[in-house]
Amino acid sequence: MTTRQTALVVGAAGGIGGELARQLRDAGWEVRGLARSLEQPVQTRDGIVWIRGDAMRPDDVAKAAEGCAVIVHAVNPPGYKRWAELVLPMLDSTIAAAKREGATVVLPGTVYNYGPDAFPILKENSPQRPLTRKGAIRVEMEARLRAHAAGGGRALIVRSGDFFGPKAGNNWFSQGLIQPGKIARRIQNPAMPGIGHQWSYLPDVASNIVALLARRESLEPFATFHLGGYWDADGTQIAQAIRRALQKHGVNAKVDAFPWWLIRLIAPFNATLREVMEMRYLWRKPVRMDNGKLLGVLGRERVTPLDEAVEATLKGLGCLPD
């Protein structure tokens, strides 16, 4: 197995993929990013070698992964369309390349794997019996990585709550509570009063993954970790942090309830909103991540102070006055 500190990030143009690519680079790794839309086959930008390729084509992933010790799988189908059809073949491309190179596969995990029978505290060994189609696919992704590890490979899954960050656009923070590119006068909170919810700041997620990768040889072949992130105990703290950040910049914003009733009316005619409604159960019961295993390995979890993280996110999304 190669020992060179070279990593391929499949999906490096996205939120978590881009953050991991930058932090691996800053930690001294040679980083390659696979992207579909490059004008040139290979180009170097900001210290990252970008390679044109498609995760649906195993040969593209295999070629980009030559000599890599780590492959980060953080890719989604273009525009999140045909998700159920394309996600598993994309992962198969990564696993095939990892087998060839002896590389560790990194998968950023989600809470979609779990149904209410696992709530309110999620541990790495909690039962995975999801309620949704997307959750079932996530369970199958992890099953394929477990089988890869059982066959002599290595896989690392790091699971976080709902994430947010300055360069992350496809999440509840930026598509539910606020709107990117607009100064928020109204914050829509999807949480039910008194119901706790788990959040994670994307730069923190990446930082903790990089720290775990530095110890990857000492981890079990199929290693899973949960991040603690921010526990919003009553479902109001993230919305209030947004409000405080806006007030700091002279903007008074009102916190309202997210219009679930409207989503329910429109959902039968819109596939994306149907998926939003399917995930509502994650907002109706407290769902908290137990990070005890992570602390046992790293000693601490990097967690940026909440107000600092929220303000940086709003600035990055263009939601604060210039």
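Q: Which handedness does the crossing of H1 and H6 have?

A: In this predicted model, the crossing of H1 and H6 is right-handed.

Q: What describes two packed helices, and what are the values for the axes of H1 and H6?

A: Two packed helices are described by the distance between their axes together with the angle between those axes. Here the axes of H1 and helix H6, which spans residues 202-213, come within 9 Å and cross at roughly 50 degrees.

Q: Which residues of H1 and H6 make the contact, and how is it divided by class?

A: On the H1 side the contact is made by Gly-15, Ile-16, Glu-19, Leu-20, Gln-23 and Leu-24, while H6 contributes Leu-202, Pro-203, Val-205, Ala-206, Ser-207, Ile-209, Val-210 and Leu-213. Sorted by class, the contact of H1 with H6 has 10 nonpolar, 3 polar and 1 charged residues.

Q: In what order do the strands of the open sheet lie, and which are the edge strands?

A: The open sheet is formed by 8 strands in the order E3-E4-E2-E1-E5-E6-E8-E12, with mixed pairing. Its edge strands, each of which pairs on one side only, are E3 (42-45) and E12 (222-226). From one strand to the next, the twist averages 20 degrees.

Q: Which strands do helices H1 and H4 lie across?

A: Helix H1, residues 15-26, lies across E1, E2, E4 (48-52), E5 (70-73) and E6 (104-109), and runs at about 165 degrees to E1. Helix H4, residues 133-150, lies across E5, E6, E8 (154-159) and E12, running at about 160 degrees to E6.

Q: Does Asp-162 count as buried or exposed, and which residues does Asp-162 touch?

A: Asp-162, found in strand E9 (residues 162-164), has a relative accessibility of 15% and therefore counts as buried, the cut-off being under 20%. Leaving aside residues up to four places away in sequence, Asp-162 touches Trp-172, His-197, Gln-198, Trp-199, Ser-200 and Trp-283. Between Asp-162 and Val-42 the separation is 120 residues in sequence and 33 Å in space, C-alpha to C-alpha.

Definitions and conventions
Residues numbered from 1 in each chain as written. Predicted model: local features only at pLDDT ≥ 70, side-chain atom pairs only at ≥ 80, totals over all residues. Heavy atoms only, no water. Pairing = 2+ DSSP bridges. Helix = DSSP H or I, 4+ residues; strand = E, 2+ residues; numbered from the N terminus. Axes fitted to C-alpha atoms, helices over the stretch in contact; angles between N-to-C directions. Contact = heavy atoms within 4.5 Å. Left-handed = near helix turned anticlockwise from the far one by under 90°. Nonpolar A, V, L, I, M, F, W, Y, C, P; charged D, E, K, R; others polar. Buried < 20%, exposed > 50% of the residue type's maximum accessible area, 1.4 Å probe, protein only.
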